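Dear colleague,

Please find below the structure that I am handing over to you.

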Amino acid sequence: MSKLVYLVPLFPLLGFLINGLFRKSLSKGLIGVIGSGAILASFIVSLVLFFDVKSAGAALPVEPLFTFINTASFKIDFAFQVDQLSSLFLLIITGVGFLIHLYSTAYMHEETEAHFGRYFAYLNLFVFSMLLLVLGANYVIMFIGWEGVGLCSYLLIGYWFKNSEYNYAATKAFVMNRIGDLGFLLAIFWLLSKLGAVSFVEVFTHLDKLTPGDITAITVLLFVGAMGKSAQIPLYTWLPDAMAGPTPVSALIHAATMVTAGIYMVARSNALYSLSEVAQHLVTIIGLATALFSATIALRQNDIKKVLAYSTVSQLGYMFIGLGVGAYTGAVFHVMTHAFFKALLFLGAGSVIHAMHHEQDIRKMGGLRKYLPTTHWTFLAGCIAIAGIPPLSGFFSKDEILAAAYAKNPVYWGLGVAGAALTAFYMFRLYATTFLGNFRGTHEQEHHLHESPAAMTWPLIILAVLSIIAGFVGVPEVLGGGHMLRSFLAPVLVTEHHPEIEHSTEYMLMGVSVALAAIAIIIAINKFSKKPQLEEPAGFGKVLADKWYVDELYDAIIVKPLNAFAGFLKNVVEKSGIDGIVNGVGRFVQYSARQLRLLQSGQVGSYILFMVLSMVVFFLVYWNQAMITHFFQKIF
Amino acid sequence: MTEQQLMALLPFMVLAAASIVIILLIAFRQGHTVIQVTGFLLMCLVIFAMWYVRGVLPQTIAPLLIVDGFGALFTGLIVFCVLVVGLFSYIYFEEREENPREYYILIFLSTLGAAILTISRHFMSFFIGLELLSISLYALIAYLRTRNNAIEAGIKYLVLAALTSAFLLFGMALIYMETGSMDFAVIAQRLNAAGKSSALFLTGFGVMMVAVGFKLALVPFHLWAADVYQGAPSPVASFIATVSKVGVFAVFLRFCQELHLQNNSAVMMLISAVAILSMISGNILALRQQNLKRLLAYSSIAHFGYLLVAFLPGNNTGVEAAVFYLTAYAITILAAFGIIILLSPGEKDADSLSMYRGLFWDKPFMAIVLTVALLSLAGIPLTAGFIGKFYVLTAGVEQRAWLPVIVLVITSVIGLYYYLRIISTIFADSPVTIQKERSLNQFFYTASYAALVVLTLLLFGIGVMPAVIIQGIKQFLVIDR
């Protein structure tokens, strides 16, 4: 049984190799089948594993594949760990991943064979890396997947590599992620130097060997890694730009995979985080700030994908609030529901963009309800789910986080609810502007409007159903549910504590958040379905539309000085300093080669003379060695 | 002499008999192929004999010889090299004007000399072994006697080797005068008893060093190397580069170990100086060389400089590192010369670098073998050369011989330059095709190819799994303790 788990990442890896190597000779249909089939196969194996874990109620025993690094002071295995947390993530990644692959076969059909193959190869590699990340039984294997995900996101965001702006976005994503990775890497080194171990089991059972200072440092550094991967302040700016990639890629990055890596890592390390007050506060505050900050930006975006991008950043903020206040189940729950509805929203947006011939500006849409019925209904389901209206899934997961935040500090709750109301507002602004009212595009666009093919609508329908019903796995006790997810995850998330809140209080909290969201929805629909915001924003709206000028700020305080310094190094230090020395040494060696060759005259007589002379020199040195040793001792 | 002592000498007796067998074969007018095959089998027999007598080691055959793990190790290496050189020789001499049959007598005599050196524990056997080695070499170098280069190289080697032999004898005499003995162990005792090493001993050692330095082609006694490598037939050059040097290095190492010369600061200073000079001059001289055989000569000067760095510590790590390095070096240089031999047209050796331009596009297999050999010489990871250099470096660092270690690192970088220069030539465009008829003997041609494959695999194998070889070396050396 234990060997079965290696199949999960193996299928996407094979898919990557086949599609990558033979992309020029395979037909598009075959490439699509191989790419999607690999993920489907992984999904089926993941299902088996999931039910094994569920019935066993404990982690499955998995043999290490091989010893990855072996030194005198530590040993790192290439090993996988299949427990409740990772098996749940496996399902999310392969399940949603499969739907996105399926959707891509239709969405990307305009590409040529070679590029189509490249696309699916990257996509499979991406899923492979993500699977490695969640399956790894130690931080190092996790880091390998972590880096792989970063690389693949770079490749996919820059998929249309002929557009230099897209390449810039890809580079930005990579660099931002690298900054975070440094934190992660330092945390791993710290663990190695203090514990000599990086496997989860060993680290979490030897926590008593770490001082509180160590734990705080490690958790904060790990969180820096999470900030990069999961797009939290201050490293979030790459994610909205990452919209440059094809829309299914955005769905994959934002819903099922990459951005949830940070959440997974913190949830996995919950034993560490629970021991550090500082880290918990930091995580909560960063999460809260990100949730609110990006929600405000999303209010005034006009690109359909940008709105969704900022909403992702904001929802990730909520997940971190959950992690920070100790509601690990809530955070994982929200990862799951968010995976469904955000994938749905992105794929829906893709369907819209597909119908509109690559038009992404919502000001030029409107009234699409008539033309794209399936897309419309599923998109609406996604919007309601993300807004947190019961009984759709978003309500349950968000509510769990907010309740835990209330137990920690009512102020957290207040801010969280405000953010939730903003979420409802901007999502329905998006919905109303896109689907309600009258069509505002060109006549030609209107003529070509059509519903997307079945390969695109079926994933939408499946995801919509999941978005609606997924919440029922975590119905809280107060609403008469048993919260299956919590009892399932309890063996892994051992340090979670469940605050006791009065039932009446909890009813009140839910009531307030639902009421606020409902009010926001009504205002948004009323305001934007008839009279959308078409004009260029002015005043404070412009600040929001320009994303609080954070990119410009980073540019001014980091990028420009760095560039100037690099220019100085290149033009002054490198040219006159380093080059001079290097070339000088080279010239000297060449010169001495020419001189030394003169000794090789070919004359035996001169050879003998040279030998005898050097022997004489040696003897002179011998007889005066005391003096010479003294001389050498002075030098060295 | 006891039975066991006789048994311990069995491999050496087989080796001595090999030359006589070849003489008899010539007397019975056998052809080249028969002689070649017999020679090959005889060498295999030597190895078998070594395996057969492994139980009785170590054996001292007073006063001249000692057959121990150390000697067995070096003898094994020597016989291995001769096996490969012999195989390559067939193809080479089939296409030359000279009757090749007497060549094998000389080769085996010379090998016997080198083998005696590895087991000698007395000045007498030292000198006899060395002369046996050298005198055969004079003839071997000038074997293609109608060619000017070969005659010139042979005469040069003769004159210089005779001179250095005189120095060696004089050095031995001085040491004998001081200690009253020619037995290494007794010399060590007497020196210990005296406490402090006298000027007479140091002078004697210094004079002996001339001969050793000459045989190992160490600076400043290296001047012959390039001329002889270039002039000698390629198989003989590879023989000089491997067998002759391994034998002399073995006896030198044994002498120094026996006398604990590593504790003698004056001797160490002399050897460090020679090592540093060799590393620097060898690499610098090779830098602008256009002739591959000369280039390999210079590079061997540098490599024996590296080897002396491993020699400096005088502890077990040092000896292991030295043996390992020699093994890696021998395999590498045999692979490189093997390519030269196989590519050489009948009238001239393929030694000009211009003949290798674009070799990869014409003969990819040979180009790859040569590239691997050059990378190993340069000490690039995954090859035996890297592990050898790393081992030497470790030994040097352990002993805190900082100056030689630093020179080793810096000169390795210089070395990389000219090795890469050859590699870039091999892979250059516009290939020069070497026209060569290959109808002569398909069997030996294939066998030579197979030998090259084995050598290349060994280079990688030792580079990837050095532990196997290191364990083997340790097992041999443990016998002596």
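How many nonpolar, polar and charged residues does the lining of the largest cavity have? Please bear in mind throughout that this is a predicted model. The lining of the largest cavity is made up of nine nonpolar, three polar and two charged residues.

The cavities

A search of the whole structure finds seven cavities of 30 Å³ or more. The volume of the largest cavity is about 100 Å³. It is lined by 14 residues, and those closest to its centre are Ala387(A), Gly388(A), Lys398(A), Ala420(A) and Ser513(A). Three helices of chain A give two or more residues each to this lining: H17 (393–408), H18 (410–435) and H22 (503–530). H17(A) gives the most, with five residues.

The interface between the chains

Next, please consider where the two chains meet. In chain B, 37 residues are in contact with 23 residues of chain A. The size of an interface is often given as the accessible area lost when the parts come together. Here chain B and chain A bury about 2,900 Å² between them, with 77% of that area on carbon and sulfur atoms. On the side of chain B, Leu223(B), Met269(B) and Arg288(B) lose the most area to chain A, and together they account for 24% of what that side buries.

Between chain B and chain A the count of salt bridges is zero, while two residue pairs are found in polar contact across the interface. Several helices of chain B each supply at least two residues of the side that touches chain A, including H7 (148–179), H12 (265–286) and H18 (402–426). The largest share of that side comes from H12(B), with nine residues. By class, the side of chain B that touches chain A divides into 26 nonpolar, six polar and five charged residues.

The largest pocket

Finally, I turn to the largest pocket, which holds about 1,000 Å³ of space. Of the 36 residues that line this pocket, Met268(B), Met269(B), Ser272(B), Ala273(B) and Leu403(B) lie nearest its centre. Both chains take part in the lining: H25 (604–623) and H26 (625–635) of chain A, and H12 and H18 of chain B, each give two or more residues.

Which helix gives the most to the lining of the largest pocket? That helix is H12(B), with nine residues. The lining of the pocket has 25 nonpolar, 10 polar and one charged residues.

With kind regards

Key:
Residues are numbered from 1 along each chain as its sequence is written. Chains are lettered from A and ligands numbered from 1 in the order in which they are written. This is a predicted model: local features need pLDDT of at least 70, side-chain atom pairs count only at pLDDT 80 or more; totals for chains, interfaces and linings use all residues. Side-chain values use heavy atoms; hydrogens and water are left out. On a 1 Å grid over the protein atoms alone, a cavity is a set of points where a 1.4 Å probe fits but cannot get out, and a pocket is an open set with protein on both sides within 12 Å along at least five of seven lines; lining residues have an atom within 4 Å of a point. Grid points are joined across faces, edges and corners, and a volume is the space filled by probe spheres set on the points. Helices (H or I, at least four residues) and strands (E, at least two) are DSSP runs, numbered from the N terminus. Ala, Val, Leu, Ile, Met, Phe, Trp, Tyr, Cys and Pro count as nonpolar, Asp, Glu, Lys and Arg as charged, and the others, Gly among them, as polar. Contact means heavy atoms within 4.5 Å. Buried area is the accessible area (1.4 Å probe) that two parts lose on being put together, summed over both. A salt bridge is a side-chain nitrogen of Lys or Arg within 4 Å of a carboxyl oxygen of Asp or Glu. A polar contact is a pair of N or O atoms within 3.5 Å; within protein, one must be able to donate a hydrogen and the other to accept it, and residues adjacent in sequence count only if both atoms are side-chain atoms.
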